[in-house]
Amino acid sequence: MTLTDITALFAAMLVLAAVPSISVLAVTARAVTGGFSHAAATTAGIVAGDLVFILLSLFGLAVLFEILDEQFYLIKYLGSAYLIWLGIILWRGNNRMASREPAGNGSLLSSFLAGLLITLGDHKAILFYLGFLPAFVDLGSVTSVEVFQIITITIVAVGGVKLTYAWVAIRAGSLLGASAASVMNRLAAGLLIAIGLFLLVTA
């Protein structure tokens, strides 16, 4: 990959990551309900899912993925149920906040899994990468250096954009004050439930 290829791939990944999507909604929801650490964990899960698809594309394992297609639908069902459950937990936690009882926002692992399952649930993403990556690298003769470059670009571009969304969401919540933050928590919890239901309906 030339410097031009690397720059173009980074710019393309940056733009694609910035487009409003389910993953963006999930990150902002976790930012509002759990803070930046939970948003970062969700982002890490999303990036990990993207890297799985990218590596499958780079190493020609798309055929294997298609063979396992039905099993990957199970991941989508699991991800849907998990997001709905997480939304319900956060909604109930918001009620405890209103009554001045401690509210749990789940573990960082739960946030990571939410991001990972959202990404893996979109099993058609591997077809996107199969059509997208050849514009920047020859999939038939990809080198270990190029794989490292693509992984680094994905982490920085996708992760950077999602974390920016998280920071903006948290900043907006702090400017609005405690009462508005409680409303935002409930909206974010409802958003996670809505995302789960959407994934379930489209599974």
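Thr43 is buried, at a relative accessible area of 3%, where buried means under 20% relative accessible area, exposed means over 50% and partly exposed lies in between (1.4 Å probe, protein chains only). The structure is a predicted model, in which local features need pLDDT of at least 70 and side-chain atom pairs count only at pLDDT 80 or more, while totals for chains, interfaces and linings use all residues. Residues are numbered from 1 along each chain as its sequence is written, and side-chain values use heavy atoms, with hydrogens and water left out.

**Residues of helix α3**

Thr43 belongs to helix α3; helices (H or I, at least four residues) are DSSP runs, numbered from the N terminus. Asp50 also lies in helix α3. Asp50 is buried but forms no salt bridge, and Lys162, the nearest side chain of opposite charge, is 6.7 Å away. A salt bridge requires a side-chain nitrogen of Lys or Arg within 4 Å of a carboxyl oxygen of Asp or Glu. For charge, Lys and Arg count as positive and Asp and Glu as negative, whereas His and the chain ends are not counted.

**Val24 in helix α2**

Val24 is placed in helix α2 and is buried, with a relative accessible area of 5%. Between Val24 and Tyr165 there are 141 residues of separation in sequence, yet their C-alpha atoms are 7.2 Å apart in space.

| Residue | Contacts |
|---|---|
| Thr43 | Val27, Gly159, Lys162, Leu163 |
| Asp50 | Thr119, Tyr129, Thr154, Val158 |
| Val24 | Ala17, Val19, Lys162, Tyr165 |
| Leu133 | Ile54, Ser57, Leu58, Leu139 |

**Nonpolar cores**

A nonpolar core is a set of buried Ala, Val, Leu, Ile, Met, Phe, Trp, Tyr and Cys residues joined through side-chain atoms within 4.5 Å. The largest one has 32 residues, and those with the most contacts inside it are Leu9, Met13, Ile54, Leu58, Tyr129, Phe132 and Leu133. Two or more residues of this core come from each of α1 (3-18), α2 (22-34), α3 (36-58), α6 (108-121), α7 (125-132) and α8 (144-176). Another core, of ten residues, lies apart from it and includes Ala114, Leu117, Ile118 and Ile195.

**The buried side of α7**

In α7, the buried residues are Ala125, Ile126, Tyr129 and Phe132. They lie on the same side of α7 because they cover an arc of only 125° around the axis, the arc being that of the directions from the helix axis to the C-beta atoms.

How values were computed. Contact = heavy atoms within 4.5 Å. Lists of a residue's contacts leave out its neighbours within four places in sequence.
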